[in-house]
Amino acid sequence: MTAITGWSMAGIAAIGAVVAGTPDRNAGTPAMQTPLEDDMGRPKPLELPKDVEAKLAGVDKAKVDFLKSGVTGRYVEKDALFDRIRKGKPEEISTYIDAMQALHAQVEYKAGRDLAAIPLNTKSPWFNAWKAKRSGALDPKRAAGPIELTRYIGGWGGGFATFAGAPVAMTPEDLKAGKVDVAIVGAPLDMGSGWRNAIDGPRAMRMTGGAAGNDMYSMINPNAALKIVDYGDIAIDQNSTERSVDHVRDMVGEIAKTGAIPIVIGGDHSLEYPNVAAAADVHGKGNVSVIHFDSHYDIGRGRVHLLDHGQPVYRVISEGHVRGSDYIQVGLRARGPDLETFGWMRNKGMRYHTMVEVEKWGWDKVMARALKEAREKAKKLWISFDVDVLDPAFMPGTGTPVPGGLTMREAQPIMRNLCAQNDIAGIDIVEVAPYLDTSYKTALNSNFLLNACLAGIAMRKKGLKPGYLNPVSVDHGLDAYYGKKN
């Protein structure tokens with residue numbers, strides 16, 4: 001056999017056999033047909049004021065029609081356009097329109113001139129190596145089940161850092177044999193963000209305490225009440241979000257099929273698309289609702305790339321993984337959406353709850369409304385939590401911080417109660433970018449949110465009512481100060 005650097009031909013053949021067992025669905029990459037109503041860039045005809053039309057009397061009709069088409073709105077505000085025409089001489093106006101037409105010819109795709117897709121080297125022997133799974137036959141024999149990686153009986157650490165200090169599982173057989181309730185998995189996708197570093201989110205949360213241990217509100221230790229494992233990291237092709245999301249979808253589905261709840265630690269918010277799609281694959285379309293915490297609406301559409309951290313919601317809804325009426329957003333406050341996008345959201349039946357609504361009505365009323373909406377039709381709930389929904393005072397290490405967000409004091413009980421009240425299909429915590437944080441509080445606070453989620457899941461398993469607070473932690477009980485001695 002001829003050897004190829006680092007790989008034998010037999011090894012390459014084995015990889016091909018492993019990958020061949022998984023259909024190459026490539027769900028993230030097909031050029032999706034965009035409904036006309038969803039095309040954000042579709043121009044609206046421009047009505048010219050009479051005095052502007054009069055100034056254009058000597059200008060070529062094709063140029064005037066170009067103005068009336070409305071595409072100029074991409075390059076100049078209409079009032080500035082009208083003002084320029086009103087003040088310009090005929091030859092200046094003509095040259096001005098020529099410049100916009102030349103610009104317009106450059107910005108849109110033109111077959112034969114522009115690259116429609118980034119080509120991949122299909123002859124590379126490494127083509128699928130990044131996601132090819134090791135065969136168990138290569139490892140020493142062991143009984144299926146979670147593997148404890150701590151070295152000592154007590155104390156903190158002393159072994160290998162894992163999510164919530166949990167044992168490790170490597171295969172679906174481990175999850176089944178261990179009767180695992182929750183599998184926490186890292187997905188360090190970093191291609192969909194602007195200010196990068198979400199790749200280090202899973203690593204930072206493993207290394208920072210807060211996810212393991214007792215929840216004082218319920219006096220439940222999730223690690224004792226639940227069978228929790230760290231399922232490692234999902235392989236990511238950091239040169240391609242589109243290549244990565246299919247594998248994420250397969251791996252999240254792999255967890256969910258065993259009956260364990262997947263908690264996906266990101267990574268950027270592009271991950272919500274494969275996460276929710278996987279939940280719908282396993283539980284059935286129409287059976288999963290989403291509560292999405294974010295300062296941004298993430299319904300970008302009409303962009304050059306089919307997916308980034310600002311477009312997952314559009315993909316989830318437009319591909320039918322979740323009905324618009326089962327998609328609930330909480331915490332919006334960024335400078336979008338505009339009125340047109342709010343209209344799109346309403347037309348799709350989406351329920352959105354902005355910080356403006358919270359300011360008017362308060363968190364209790366808003367979350368009660370959001371929960372009612374999530375339960376109307378679907379049986380299962382996916383919680384997608386972008387950490388930038390919190391105020392940057394609590395989450396400075398994220399790529400797109402927006403002032404005026406939730407406090408940790410608000411977020412922890414919200415997450416605990418959501419997980420206690422619902423049949424959770426899964427959770428993602430995304431956009432943790434620790435190197436953008438001069439302290440470690442972004443990762444630490446994210447872990448405390450994870451602990452609140454785990455405590456809520458444990459409360460539901462124990463049959464405790466949502467909002468339950470353990471009387472021992474509510475009151476010292478040595479008098480009847482609040483009217484009743486505990």
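This is a predicted model: local features need pLDDT of at least 70, side-chain atom pairs count only at pLDDT 80 or more; totals for chains, interfaces and linings use all residues.

## How two helices cross

Helix 15 covers residues 408–421 and helix 16 covers residues 441–462. They pack at an angle of about 30°, and their axes are 7 Å apart. Angles under 35 degrees count as roughly parallel, so helix 15 and helix 16 are roughly parallel to each other.

## Where they touch

Which residues of helix 15 meet helix 16? On the helix 15 side you'll find Met408, Ala411, Gln412, Met415, Arg416, Cys419, Ala420 and Gln421. Facing them from helix 16 are Asn445, Phe448, Leu449, Ala452, Cys453, Gly456, Ile457, Met459 and Arg460. Sorted by type, the residues of this contact come out as 11 nonpolar, 4 polar and 2 charged.

Zoom in on glutamine 412, which sits in helix 15. Not counting residues up to four places away in sequence, glutamine 412 touches Phe448, Leu449 and Ala452. Is glutamine 412 buried or exposed? Its relative accessible area is 17%, and under 20% counts as buried, so glutamine 412 is buried.

## A serine in helix 16

Serine 446 is also worth a click, and you'll find it in helix 16. This serine is buried, with a relative accessible area of 0%. Once neighbours within four places in sequence are set aside, serine 446 is in contact with Met205, Val387, Met395, Ile429, Val432 and Lys441.

Aspartate 237 is buried, with a relative accessible area of 13%.

What does aspartate 237 contact, leaving aside its neighbours within four places in sequence? The list is Trp130, Arg243 and Ser244. As for alanine 198, it is 39 residues from aspartate 237 in sequence, and their C-alpha atoms are 14 Å apart in space.

## The overall layout

Finally, zoom out. The domain assignment gives domain 1 (50–107) and domain 2 (143–462). The C-alpha centres of domain 1 and domain 2 lie 48 Å apart.

Note on methods:
Residues are numbered from 1 along each chain as its sequence is written. Side-chain values use heavy atoms; hydrogens and water are left out. Axes are lines fitted to C-alpha atoms, for helices over the stretch in contact, and angles run from 0 to 180 degrees between N-to-C directions. Helices (H or I, at least four residues) and strands (E, at least two) are DSSP runs, numbered from the N terminus. Angles under 35 degrees count as roughly parallel, over 145 as roughly antiparallel, 65 to 115 as roughly perpendicular and the rest as oblique. Contact means heavy atoms within 4.5 Å. Ala, Val, Leu, Ile, Met, Phe, Trp, Tyr, Cys and Pro count as nonpolar, Asp, Glu, Lys and Arg as charged, and the others, Gly among them, as polar. Domain bounds come from an automatic or database domain assignment. Buried means under 20% relative accessible area, exposed over 50%, partly exposed in between (1.4 Å probe, protein chains only).
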